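Welcome, and thanks for taking a look at this one with us. Here is a short briefing to read alongside the sequence and the model.

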Amino acid sequence: MCEQKCFFFKEGICSSDTMTLNSLRYEQINFKCFPGATSCIEILLLSDDHFYQNPISLQSTFVCSAHKQEFLKQYWPSTYRKCWLCIALQKPSPNTSERNINADQALTIYEKFHIRHSYGKTICARCRFLLTTYSNIDNIQHHKEAFEWINDIVTSEDNSTTDDESDDSYEEPQFNTSPYSHIQSTSNLDKKKRELLNEFLHLCGSNKQIKITNSYHSLQKQSKANFLSCARNLITHIFEFLARNESDDVQQDLFPFDKDSDAMVNDRQFAPMMRGIAEAYDNAENWATRRSILSIVAPKVNFSVLQSFIPGINHYRFTSARLHASDAGTGVIIERVPRVICRFEPAQIMHFIDFIVSNYVCTDLPYGQQTLMLSDGTKLHVPNTIRNCNSTRIINQYYQYTTELFPGFSVLHESTLHKILDECKASTRRALNCINYFAANGSEAVDTLLELINSLNLDKSEHHRLTSNLKKGKQYLKTDFKVNVTRTSRVRDHCICFSLSDPASNAFSTACSDHTHDQVCSECLYLAQTLQDIRQLIQDSKGDEEEIKRKMYKFTLAYDAIQAWKCHQLRAVNQDLGRECILDIISEDVIYLNLDFAMKWIPAKYREPQSNFFGKRGVTWHITVVSRKKKQEPNNIDMITDIQEQDSNTITELEEDFIESEEEKTNLNDFEHTVFIHVIDQCPQDSKLVVAIIADVLERLKTYDDSIEQACIRSDNAGSSDRFAAILKSHVRRYLNEKHDVTNAEQFVEACLSYGGVKNVNVVECRLKPVRQSAKFQLNHIKKFRNFCFERHGIRVFRAWDIGEGVLLPYNKLIYGKVNISLLDVIQPSSIINFGSSSNTNSPPEKDANLNVESIESSNKHTNLFECPEEACICSYIKYGNLLRHLAIGHHRKMPEKLILLDTAKKLYHSKLVAAENKTVISLSPQHALLDPNNFDQLPQLNMGWGLPVVRPPVRFSIKQKQFLDESFKDDAAVNETIERLALMRDVNEIAERASREKR
């Protein structure tokens, strides 16, 4: 028992069963948790802090199973999350572990902090940095020199000395000090023999190394298999060197088998065949190929025979190969079909994205942009938008919308929808003055009413009821009211025909003959009742009579603003229905024009002093978005089908779903678009300029395509033109940031055309050439009309879209004299007009023209022999030259292993906002309620035509108001000085602009 005492002996820890260190030389473990270690012996010594261990006899040194289990325990950072050194140093908050402690760090910990058994434990980044400051290079080098004997020392069966003599000599303290000792010379001789044998194998073309042991029977099962494989490899190469082509016969005669052995083993061709199988197995790159190779021999030989030729094989792989031969066939290679990990349905995300980009959920801004960051670092730039309500409200509306119109549709969870809204960025709706004056005035009116409620002497419950109902009504007008408005409805507030019909004229009205207005909307009724209660409370309030009149005046203004907001929302829905109707019925010879003035570009320089920031005059630019239906080309259908079949292997299942859904939507209504940008220096934005721009656009389109016969024109303040305005401004700002100036129309056009310009956008600089107009126009009450149809004999006018048959105004009663239209002087006009498809806005890059047809992968993978070695690339080729061309160009087609939900949502959100498609209103079924009128006070009933715009006459200042202003500014010297300063600055800027124009 004394001879087998554990080398790491400690009282109460060691166990009775022991083993030699030599038996652990080839034991297979995972070395990832033990940085720098090459064997179990080194791990045991380092774990017990033997950093300067002298050489020992591995055959006569023992270790117990308890110490072996303790020192070989693996500490994975993913399992042991806290830093071991932080805990050992008793830090209050240990950091997160990242790596395992290596030998140099363990040596530093042992010498600096006197903490034992640290090798292989987990450590954080901060502790690793701390150890670098305490490390001693001399001690580390001494440790490495002391451990060189672990890789060099071997115990050979050819030693002339006995085991006892070897053990005694290894335990001599003068081992390292006597270079001429017998043990050291024997060790050097064995080392030289092993190096020569390894060199012999290397010359024979083998990469395996020699393994030597002194106790074959004490080796573990796997170690025996590895030793036999090395021995067989060495003997085989020796016979091939001695007998050349008859090495198998020499081996068969030298090692004859018993007569009773299996005939399969006695066959002289069996060994070469198995060696070939083993070589092919080792050269295979993946398990699928190795399994196919094993399936050739696995059903015909037993596991022990196969393991003697392939040492690394286990029972699982052997059984798997047999099952593969039974199910798929012997040696059949099964192509692994790439599978996209997708824990959601693409239709679910597309359904929600379509909802949140609809008109009543978000509003496009003509300026600014947002940046979406994907998980791989890709940036997607989208135009800025404003959401009309908060995320919770949007999600609740979406659930209601899906429940009513799509019963049974599986929607995403609420938390997932919140994440999508957070990632798909949009600005918070704060100030609406630049978007919609009706909405801005309505919101301000609600704030005014809240101030009036606060000024009244009300109890707490009544104050809370009025405030809560007023805020709910405001939110309802923002969102749900436009959703509930329909062409015909049994609710007076929601019926377009009833609300926009003029009772004074049958030409501007449509009778509601197919329905009656016997229902009420609970939200509209609550809002009307709240306003009525506020009016009554103000009238019944006690106090100064003059103060009550002021409050009533404020209430009247606020009430009118809220009603105007409500009417505007209803008219906007009706006009949008008209737009959709026109786009549905127009043919290929009709174009649709969307006109809008973009916000003026303020002149800017790359570097300019602060004194130039004020008194600038903006550059006028007008946007015209032209849409038309695609022309059908039946001759190209077969060619397109062939190309799609060739590229079918590059499309993922998710993309196929998207394409199918998009094709269903665009088959009947597929449009192509182009954009005209007219940039003018210092020109009033009046009707003369608009007419001149329309004439220029129509003339250029007619020259481009003579088949165009009709045009539908719409003036939209917040439509598709705002998207192009945002894109162009971003393009100009990038040009400005590259040390360029954009101060006039010429430089603005140059910035828009930089880097190839924006796709499908035509930008020109122009000047207006005014003409003297001799004809007189007279169209009475033109402010009342919203829709115009130019017919052969006159103009048919409507107060609202498709309400009544309209009134025809003959031309001879409108125009007196010859009409002269102002023309545009276009500088450097371009005759190239490019129409782009809305369904292909984010088209992939074009394929290289140098690639021939053979470089396109075939739909049949078995015919393509050469596959691209690039990871995740799915291209394969018939000829090797095509593969080289593909590798040289580097256009790899990769298929993702999994799709991230938020990335998919961001891409869809980006495509919906950047695309030039016209949005469609997603209508929800209105919530109508049959309420008892007796529960409410008598409210004023809505009359026919309540939604029509009210023409207000211009109101000028009264005499008292003028006198008040004169007295306020008469003796104010500061005001006069400010006015003079502004006038002087305006004159200086005009002189500078005139000088720059003359130089040009």
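Which residues does Ala 745 touch, not counting residues up to four places away in sequence? In this predicted model, Ala 745 touches Val 619, Val 679, Ile 680, Asp 681 and Glu 765. The notes below start with the chain as a whole and then turn to a few spots worth a visit.

**The chain overall**
- The protein chain has 1000 residues, and 40% of them count as buried.
- Its secondary structure comprises 34 helices and 20 strands.
- Taking contacts between residues at least 6 apart in sequence, 72% join residues that are at least 24 apart.

**Confidence**
- The average pLDDT of the protein chain is 75, and 74% of the residues reach at least 70.
- Strand β4 (residues 122-123) has the highest confidence, at 92, while helix α8 (residues 163-170) has the lowest, with a mean of 36.
- Please read residues 838-863 with care: their pLDDT is below 50, although the model gives this stretch 48 contacts beyond near neighbours in sequence.
- Residues 916-933 also stay under 50 in pLDDT, and here the model has 60 contacts beyond four places in sequence.

**Around Ala 745**
- You will find Ala 745 in helix α30, which covers residues 745-752.
- Ala 745 counts as buried because its relative accessible area is 1%, under the 20% cut-off.
- Thr 620 lies 125 residues away along the chain, yet its C-alpha atom and that of Ala 745 are separated by 8.1 Å.

**Around Arg 799**
- Arg 799 sits in the loop that runs between β14 (794-798) and β15 (807-810).
- With a relative accessible area of 9%, Arg 799 is buried.
- The side chain of Arg 799 makes a polar contact of 3.1 Å with the side chain of Asp 502.
- Leaving aside neighbours within four places in sequence, the contacts of Arg 799 are Asp 502, Phe 508, Lys 784, Phe 785, Arg 786, Leu 948 and Pro 949.

**Helices α17 and α18**
- Helix α17 (residues 346-356) packs with helix α18 (residues 391-405) at an angle of about 115°, and the axes are 11 Å apart.
- The two helices, α17 and α18, have a right-handed crossing.
- On the α17 side, Gln 348, His 351, Phe 352, Phe 355 and Ile 356 make the contact, and they meet Ile 394, Gln 397, Tyr 398, Tyr 401 and Thr 402 of α18.
- Sorted by class, this contact of α17 with α18 contains six nonpolar residues, four polar ones and no charged residues.

How values were computed:
Residues are numbered from 1 along each chain as its sequence is written. This is a predicted model: local features need pLDDT of at least 70, side-chain atom pairs count only at pLDDT 80 or more; totals for chains, interfaces and linings use all residues. Side-chain values use heavy atoms; hydrogens and water are left out. pLDDT is the predictor's confidence in each residue, from 0 to 100. Helices (H or I, at least four residues) and strands (E, at least two) are DSSP runs, numbered from the N terminus. Contact means heavy atoms within 4.5 Å. Axes are lines fitted to C-alpha atoms, for helices over the stretch in contact, and angles run from 0 to 180 degrees between N-to-C directions. A crossing is left-handed if the near helix is turned anticlockwise from the far one by less than a right angle, and right-handed if clockwise. Ala, Val, Leu, Ile, Met, Phe, Trp, Tyr, Cys and Pro count as nonpolar, Asp, Glu, Lys and Arg as charged, and the others, Gly among them, as polar. Buried means under 20% relative accessible area, exposed over 50%, partly exposed in between (1.4 Å probe, protein chains only). A polar contact is a pair of N or O atoms within 3.5 Å; within protein, one must be able to donate a hydrogen and the other to accept it, and residues adjacent in sequence count only if both atoms are side-chain atoms.
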